Amino acid sequence: MRLRDKHGRFITDLRVSITDRCNYKCVYCRTGNEGALYSDLPFSDYLRLVRIFVQLGIEKVRITGGEPLLRNGLVDFVRELNRLRTADGAELDLAVTTNGHLLADLAAPLKAAGLRRVTVSMDAVDPVRFARITRVGNGFENVLAGVRAAKRAGLEPVKVNCVLLRGFNEDQIVEFARFSREERVVVRFIEFMPLEEDRVWSPEVVVTMDEILRELNSFRPVRELPHGLSETARRYTFDDGLGEIGIIAPVSHPFCGHCSRIRLTSDGKIRTCLFSLFDHDLATRMYAGDTDAELAAYIHSVVDVKEARHHIGEPGFVKPSRSMVHIGG
Ligand code: SAM
């Protein structure tokens, strides 16, 4: 039976974190003092769990972290995932989210192993600003090489995700629009959410969708493209059709009603929402000897209690029990 929560949403999209280590220390994500906080599982165990999820109706699997490209054996893991078939017998839609630092060498092997798409996180197109945000020198050149290698390898469409923070990079909006047009990649701006290790978030820091659209329009007139209901991004292009910009606005325009996502953390816990206040411990059940059928029944029971929506910005909002880097974005 397919996964469906009590609000009637079908769950078709699984994010699997394979490590919570990261080689970047982005100022809005990490304190810079914490390393990994949670363990990793062997790939064979993720594979067993993903297989069960896929039997229950998952169609898209996104590998994330921490930084997933730090983990040796990723290419073989993708090859194994690529053998799985959805409940309808189709191939899985397999994607990776990465900071791109190690992508230049891995793009072609990942594509050959069956990866369909890659999303690269990049919060500035200016090398100095990039280093200030990531707290890593020379990262920009590596990431740009990674983006270009992904395009050459055919991991299309290459999406570049940028989190905007007032005072840090909101002046990069137009630069990213140029980048999308010149590099032929989809650039997606994401509103900053209260998911950081530190306490940086406030409503004033969020650069909202309306502001982003105003800034883009000052560069060139934008026009909206059609988007699917469960797609998180509103899609835009410019008057001449060159370039594509997505805006993901979970804060100012929440899309929880169409959420089809569920997450597995690096240590094998299920999270039903980025803003969940607790995890559901799947790995411990697996290691205690549960059968696949028992694990599937547990997954159903967890999906059933998926939160209706997040409460960002509301009085009494409680920060989730894990930050983004330790959940898997
Ligand atoms: N290391 C990989 C990467 O950089 O893409 C995968 C993990 S990273 C946590 C996933 C994404 O979450 C990145 O695009 C990052 O910018 C984004 N992110 C981190 N903290 C965020 C926050 N508080 N609000 C919105 N996005 C956030």
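Arginine 85 is partly exposed, with a relative accessible area of 40%. Here "buried" means under 20% relative accessible area, "exposed" means over 50%, and "partly exposed" lies in between (1.4 Å probe, protein chains only). The model is predicted: local features need pLDDT of at least 70 and side-chain atom pairs count only at pLDDT 80 or more, while totals for chains, interfaces and linings use all residues. Residues are numbered from 1 along each chain as its sequence is written, and side-chain values use heavy atoms, with hydrogens and water left out.

**Salt bridges around glutamate 91**

- The side chain of arginine 85 forms a salt bridge with that of glutamate 91, at 4.0 Å from N to O.
- A salt bridge here is a side-chain nitrogen of Lys or Arg within 4 Å of a carboxyl oxygen of Asp or Glu.
- Glutamate 91 is partly exposed too, at 45% relative accessible area.
- Glutamate 91 also meets the side chain of arginine 116 in a salt bridge, at 3.1 Å from N to O.
- This pair links distant parts of the chain, 25 residues apart. Arginine 116 sits in the loop between α3 (103-113) and β4 (117-121), and glutamate 91 in the loop between α2 (74-81) and β3 (93-98).
- These labels follow DSSP runs, numbered from the N terminus: helices are H or I with at least four residues, and strands are E with at least two.
- Arginine 116 is partly exposed, at 33% relative accessibility.

**A salt-bridge network**

- The whole structure holds 28 salt bridges.
- One of them joins the side chains of arginine 322 and aspartate 279, at 3.0 Å from N to O.
- Arginine 322 is in the loop between α9 (292-304) and α10 (324-327), and aspartate 279 is in the loop between β11 (269-271) and β12 (280-281). The two are 43 residues apart, so this bridge links distant parts of the chain.
- Arginine 322 is buried, with a relative accessible area of 3%.
- Aspartate 279 is partly exposed, at 26%.
- Salt bridges with shared partners tie Asp267, Lys269, Arg271, Asp279 and Arg322 into one network.

**The nonpolar core**

- The largest nonpolar core has 104 residues. Phe189 and Leu216 have the most contacts inside it.
- Helix α1 (residues 43-55) gives the most to this core, with eight residues.
- A nonpolar core is a set of buried Ala, Val, Leu, Ile, Met, Phe, Trp, Tyr and Cys residues joined through side-chain atoms within 4.5 Å.
- Beyond its neighbours within four places in sequence, phenylalanine 189 is in contact with several residues, among them Phe176, Leu216 and Ile247. Contact means heavy atoms within 4.5 Å.

**Helices α6 and α7**

- The axes of α6 (residues 173-183) and α7 (residues 209-219) come within 9 Å and cross at roughly 60°.
- Axes are lines fitted to C-alpha atoms, for helices over the stretch in contact, and angles run from 0 to 180 degrees between N-to-C directions.
- From α6, the contact uses Ile173, Val174, Ala177, Arg178 and Arg181. From α7, it uses Ile212, Glu215, Leu216 and Phe219.

**Backbone features**

- Most residues other than glycine have a negative phi, and most peptide bonds are trans.
- The peptide bond from glutamate 156 to proline 157 is cis, with omega near -5°. Proline 157 lies in the loop between α5 (139-153) and β5 (159-164).
- Arginine 135 is not a glycine, yet has a positive phi of about 60°. Arginine 135 is in the loop between α4 (127-134) and α5.
- Arginine 135 is partly exposed, at 39% relative accessible area.
- Asparagine 138 also has a positive phi, near 60°. Its place is in the loop between α4 and α5.
- Asparagine 138 counts as exposed, at 62% relative accessibility.

**Glutamate 224**

- Glutamate 224 lies in strand β7 (residues 222-225) and is partly exposed, at 40% relative accessible area.
- Not counting residues up to four places away in sequence, glutamate 224 touches Arg234, Arg235 and Tyr236.
- Glutamate 224 and isoleucine 312 are 88 residues apart in sequence and 26 Å apart in space, C-alpha to C-alpha.
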